Structures are given as structure tokens and as C-alpha cells.
Amino acid sequence: MTLEPPLRPARGSLSVERVSRKRGEVQVLGDVSLEVVPGEFVTLLGPSGCGKTTLLRLIAGLDAVDAGRIVISGNDMTMIPAHLRPVHTVFQSYALFPHLSVFENVAFGLRIRNRPEEEVRSRVARVLAAVHLGGLDSRAPSEISGGQGQRVALARALVLEPDILLLDEPLAALDAQLRSAMRLELVELQRSLGITFILVTHDLEEAIECSSRIAVMRAGQIAQYAAPREIFEHPGSVYVARLVGMENILEGRVVARTETTARVDLGFIEVDLQEAPTGDSIHVGVHGEHIRLSRLGGPLEGTVTEVRYLGEATRCRVRIGAATLVANVSPREVVRAGDLVSLDIEAASWVGLRP
Amino acid sequence: MKALRLLVPAFATLLLLFVIPQFLLLSRTGDASVWWRLIDPLYATIFGRTVAMALGTTLVTLLVGFPVAWALVRAVPERWRGSFLLLVTLPLWTSVLVKLYAWVFLLRSGGLLSQFMSLFGSDSPSLLYTTTAVALGQLYIELPYMILPIYASLERIDGSLIDAAQDLGASPWTTLGRVVIPIASPGIVAGSVLVFVPSLGSVLVPDLLGGAKTAWVGTLITSQFGQARDPAFGSAMAFTLSVLTLGTFLVFARFLRKAQL
């Protein structure tokens, strides 16, 4: 008789189970659960104070949970202190050791683990090359730029080959151009290494561009956890809709309802929702990009009240009776304030939003 | 050029308060015979004892002062920190003489300490006028000078550095040894100098708490200018002490430079 080998837990998986954390009297995190599959790039997105950095620190073990469990790579790590977890962090301030050179900063974790000198040299050199930081070995952290410091922080965590890499707003301190370049590099690095990345950010663009899934956080809760396209196209609530920049959020009365669908009267139009939240009066949203303007007559007509050129698009405010809709049209279209236009909105573009 | 001009006040102070007095001392030593008298093993013993006491004071204030400074920075909430720091500096507001007389009352037979000890039935002799009393007084006087510079250097350590060290696998003790102490080393060296140098030339503590029973360099020099009426020999000893101090200072400075690299 042969014994089945025990199922090896997947390295790089994370499961946060009903975790709570208080700071003083304030509930920073309340009953949060999150599942991450090995090799995923998950972003915790939300405004400051929503608990995203706290959640990251709990995963790292830098703070202790009040309740709940944190399971990393199949092992319960809830009670394991930070220095024994297979998880490393890139801090927002980079937190480079000022008394150590770039090389020694990256070598820090290996030195603590008493790795032989030869191994330290080769591993540090390899990871410094991977983040394009060759030749700066002997510089002090005070002698390198912000972008380089960011790479050192990244190299210092990656050299230890963590199961999960945690990144706390790593790009926030960089200028816009460098930020978008680093964003791309992060994604490439994550794909080539296959390490699970968990990124904290308040930057929507960053979250959408980098992530396999986004956990939108609000006041210590996860408001929605889904792929970027789903978050953007089908925000579940008014809060998420505002966060992803949905320009048109209206409230309407439910006039007909089946088990899942609903017909909502917005005053100037009746909208059919495939998935509708409960209630007699519900919020409905549509992205400005999904509203087309034309000069041909149509069932829905309005007057352009304001036109703003934004470069990538032109934002038009259109008044329809008592309501105002915002449409983002191609900058090549010529629209002027005062124009009478007809609006074309695909039925599937409307999204029902929980309050 | 501008940098040199900025150094003028510092150099002037140094010249006026250190270099010139040293030459004045030298000019009072008279003929070379006083220097030969210094080689007497008696004085070597006194110098050795004084250096040992100064080193011991430095070491113990460091061992006590570092945890106190660390607790001030890490354990005391920010809004209380000012008040706690005030408590540390409070002894500096009073004259050393007053503080030492307080210790005399504390340590003498029938004083608070022996009363307290007698509660436990122990028949403790007075500690006053012993080397232990001198050591206690020295520690008490010098402790704030160790705590303050270490506190200043610890306070500037960003908490995220400690998080980062632990996150990268350093246990709390490893974090202390590899991150906190190296970064705080300028404060540690500054505190050590501030304690060691005055301890070498301490006069009041051995006089009041040691009862002038045991000779120390400071008391010895003072007595040469007083009872012994031998200012030439006193000047020679004072000059030797200055050189010794300068020497240790240079060693400390070297430590500091190494630590900062």
C-alpha cells in the first residue's frame, strides 16, 4: 500500500480570513476576507484611511490582527512574527538603511541568514541587474535618486525570493513619467518571476494597468474584489463607481422588477438593468465614454451646456430636461456649447449600483 | 575661503579657552624635575584608578542610558515625550553641590538608605565615604549627559527602518545590533565623550562622597594648588590629564568616523 503524499500547499497563495484590527477606538479593518491565488498581482485600492496599508502590514506581520486568520502559502501565519514570514515588503518611504551601501542594503536579508559570501555576491549582483541597478553598489542611499532608491528597495525584498511581495505605494514618490515606466517594469518583473505581488495604491490607473484583480477598499471593508475590467465596467456600488470615475450616477424609481432584472425610470429615460440591487429607488450609472453624441434626431435629445477639452477626450455636459449627463467624446468631434444633440446610450452600458 | 571664515569663532574659542590655558599651565611647571615626580607609581595608581572609574561610569551610564533613551523614543507616546524628557533633564537644573549633599544625607549612617535597609533587619554600614559612594554619585551626575545625545540620535531613526529590518528577517535583537545601534552610533559616541571626559577630572564627587579618603586625579590636582602649595606639580598633572583626555577624544573621533562609513 502506498501513501498519498500530502497535498503540497501552493507557494505564494494568500488567504486572509475574517480579519479585524482596531487602532484605539477606531475599527481600521472590520471582518476582511481576501483570497489570492499564487502568481497573482492583486491591488488594494482606496483613498487614504481606508485600511489598505493596515491590511498590508497585517499580512507582513508588522502589526497583529485582533481577530481572524492569515494563511500564507498554506501555512497559518497569524501568530508568526514578521521576521519569520516568507513575505517581504517594499515600503512607501523605501526605508533604505542609511548606514549601508546599496550593495549591503540588498545583501541585508542574506547576511542575517548567514549565507556564504560567494552566494551573497552572486545573488545581489543578479537581482541588481534585474532591476537595472548595476554599478551603484558602493553608493550610499543618500547619493542615489528617488527612482533608484525605489529599485534598491525592490531588489532588497526580491533577493530573498519571497512567496509574496508586498508593495506599499511604491511609486507614489516618483514623478509621473518615471511612475508609468516603473509601473510597466513592475508588471514585467512580476510576470517573469511568477511571485505573488500585492500592491497598495490610491492610483486608479496604476491599479487597472498592473493588477490581475483589484480589491477596492472602503472604511476598513473590501467593497468589491474583481478583475480591473469588471471593476471599471461594472462597479457594484456608488462608491466604487465614483472611484473609477463614472461620471453619470443618477437615482431612479423602480417601475418593474423580476427576480434579478429591473426597469428604472430616470425621468428622461427608462433603463433596463440585468442585475439590479434591491430597493424601490436605486442608483444607476453610465460611463461618459459610453454616451455618443450626434446631430441626427433621436429619441433622446439634449442641449450641450459646457465643453471642456481634456486632450484624450472632450467632456461635454448635456442637459436633458431637468437632468444633466456627461459625455466623453473623441476630441476630433466638433461640439459647441448650445448645440442641440441626440444621445445614444447602449442599453448594456447602464449599471445598477448599490448605495 | 568662506568656509575658513566661518571657522574663525570656533578656532578663537578653542585658542582662548583651551590652547592658551594649556600653555599657561606649561609655563608654571618650572623646571623638568616635576615631570619626573609624575612617574612615581603612586601617581600611576591614582591615574589608573581615575581612568578605570571614568571608563566604568561611561560603560554603566551607556548600559542604563541607552535603554532609557530607547524607551523614551519607542514606548512613550509622542505627547508625553516632552514631559519625560523634562524629567531626565530636571537634575541639570540644580547645582551639583546641592545634589551631592542630598546624596550625603541619603548615604550616611542613619540616612534614608540605612534606615530602609534596617527594615529588612540588615545591619548595613554607611556607604558614605566609600568608593561605592563615589561611583554612585558619578553615575547619577553623568547619566543625563549620556541619555540626551543618544535620545537625539534614536529619535531621528525612522520607524520604517525598524519595520524594514524585521520584514527582511531580522529578529528584534538583530535589528538592534545591525540597524539601531549603527545608526545611533554618533549619539552613543557623543554621550560617551560627554561622560568620560568630565569623569576623568571629577573633583566634587570624590570630595563630598568619597570624603577625600581615596585620591583621584581631580582631587589631587586641586590639592596641589591648595593645601600642598605645589602649583608647579599641579600644573604638570593638569597638563598630563589634558593630553590624556585629548588622546581618548581622538580615539572616540576615529570610532565615530568608522561608524559613519
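**Figure 1. Pairing of strands S7 and S8 of chain A in the predicted model.** Strand S7 covers residues 164–168 of chain A and strand S8 covers residues 196–201 of chain A. The two strands run in the parallel sense and are joined over five bridges. Within this pair, A:Asp168 is placed opposite A:Val200 of S8(A).

**Figure 2. The open sheet of chain A.** Six strands make up the sheet, in the order S6-S7-S8-S3-S9-S10. Their pairing is mixed. Strand S6 (87–90) and strand S10 (221–226) of chain A are the edge strands, each of which pairs on one side only. From one strand to the next, the twist averages 20°. Helix H4 of chain A, residues 146–158, packs on the sheet and touches S6 and S7 of chain A. The direction of H4 makes about 175° with that of S6(A).

**Figure 3. Helix H1 of chain A and the residue just after the helix.** H1 spans residues 52–60 of chain A and is mostly covered, with nine of its nine residues buried. The buried residues of H1(A) include A:Lys52 and A:Arg57. Also buried in H1(A) are A:Thr53, A:Thr54, A:Leu55, A:Leu56, A:Leu58, A:Ile59 and A:Ala60. Just after H1(A) comes A:Gly61, with a positive phi of about 90°.

**Figure 4. Packing of helices H3 and H7 of chain B.** Helix H3 takes in residues 41–74 of chain B, and helix H7 takes in residues 131–155 of chain B. They pack at an angle of about 45°, and their axes are 7 Å apart. The crossing of H3(B) and H7(B) is right-handed. By residue class, the contact of H3(B) with H7(B) consists of 18 nonpolar, five polar and two charged residues.

**Figure 5. Contact between chain B and chain A.** On the chain B side, 15 residues are in contact with 18 residues of chain A. Helix H8 (159–167) and helix H9 (172–200) of chain B are the elements that give two or more residues to the side of chain B touching chain A. H8(B) gives the most to this side, with six residues. The side of chain B that touches chain A is made up of seven nonpolar, five polar and three charged residues.

How values were computed. Residues numbered from 1 in each chain as written. Chains lettered and ligands numbered in written order. Predicted model: local features only at pLDDT ≥ 70, side-chain atom pairs only at ≥ 80, totals over all residues. Pairing = 2+ DSSP bridges. Helix = DSSP H or I, 4+ residues; strand = E, 2+ residues; numbered from the N terminus. Axes fitted to C-alpha atoms, helices over the stretch in contact; angles between N-to-C directions. Contact = placed C-beta atoms within 7 Å. Nonpolar A, V, L, I, M, F, W, Y, C, P; charged D, E, K, R; others polar. Left-handed = near helix turned anticlockwise from the far one by under 90°. Buried ≥ 20, exposed ≤ 12 C-beta atoms within 10 Å, placed from the backbone.
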